[in-house]
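Subject: A structure for you to look at

Hello,

Here is the structure I promised to pass on. Please open it beside this email, and I will walk you through what turned up.

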Amino acid sequence: MEMKLVILIGLMVMVLNHASPANGDITCQEALMDLMPCKAYLTGSGPGTPPITCCIGVKTVYDAATTRECRRNLCECFKKAAAGIPINPDRLRQLPDFCHVSLPVPLDPKMDCEAIPRV
């Protein structure tokens, strides 16, 4: 279940990032590990704001997912892993603001990965 939540978070962040190396793209597993600190916040079992470690993970994933292909792959990975996670949609939508990350697309667990914008 933790892995699914992390994947969902990563999906949201990856979808919205830009600019990366061809062979140095972040993997799904790496992104999931970076986003693990967000679990309690996103499921509503933690405080009303994400911990700093969560925001560091969000920024790390955002900065690493720089190509459209990488973001689409991570999006699909996150969606598959996130199936059945009791995520709080309001907290998900608030995550970019709390973490000071500007995303061109709203965070939504039902996002169409094919619709990820070009870099």
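The structure holds 1 aromatic pair. Here, rings of Phe, Tyr and Trp (its six-membered ring) pair if their centres lie within 6.5 Å; planes under 30 degrees apart count as stacked, over 60 as edge-to-face and the rest as tilted. The partners are Tyr41 and Phe98, in an edge-to-face arrangement with 6.1 Å centre to centre and 85° between the planes. Because Tyr41 belongs to helix α3 (residues 39-43) and Phe98 to helix α6 (residues 89-99), the pair ties together parts that are 57 residues apart in sequence.

A word on where this comes from: this is a predicted model, in which local features need pLDDT of at least 70 and side-chain atom pairs count only at pLDDT 80 or more, while totals for chains, interfaces and linings use all residues. Residues are numbered from 1 along each chain as its sequence is written, and side-chain values use heavy atoms, with hydrogens and water left out.

How covered are the two rings' residues? Buried means under 20% relative accessible area, exposed over 50%, and partly exposed in between (1.4 Å probe, protein chains only). Tyr41 is buried, at a relative accessible area of 1%, whereas Phe98 is partly exposed, with 34% relative accessibility.

Now for the whole chain. Its secondary structure comes to 6 helices and 0 strands; helices (H or I, at least four residues) and strands (E, at least two) are DSSP runs, numbered from the N terminus. Of the 119 residues in the chain, 45% are buried. Among contacts (heavy atoms within 4.5 Å) with a separation of 6 or more, 86% are between residues 24 or more positions apart.

The buried residues of α5 include Arg68, Cys70, Leu74 and Phe78. Just after α5, Gly84 takes a positive phi of about 90°.

One more backbone detail: His100, in the segment after α6, has a phi near 55°, a positive value in a residue other than glycine. Most residues other than glycine have a negative phi. His100 counts as exposed, at 68% relative accessibility.

Enjoy exploring!

Best wishes
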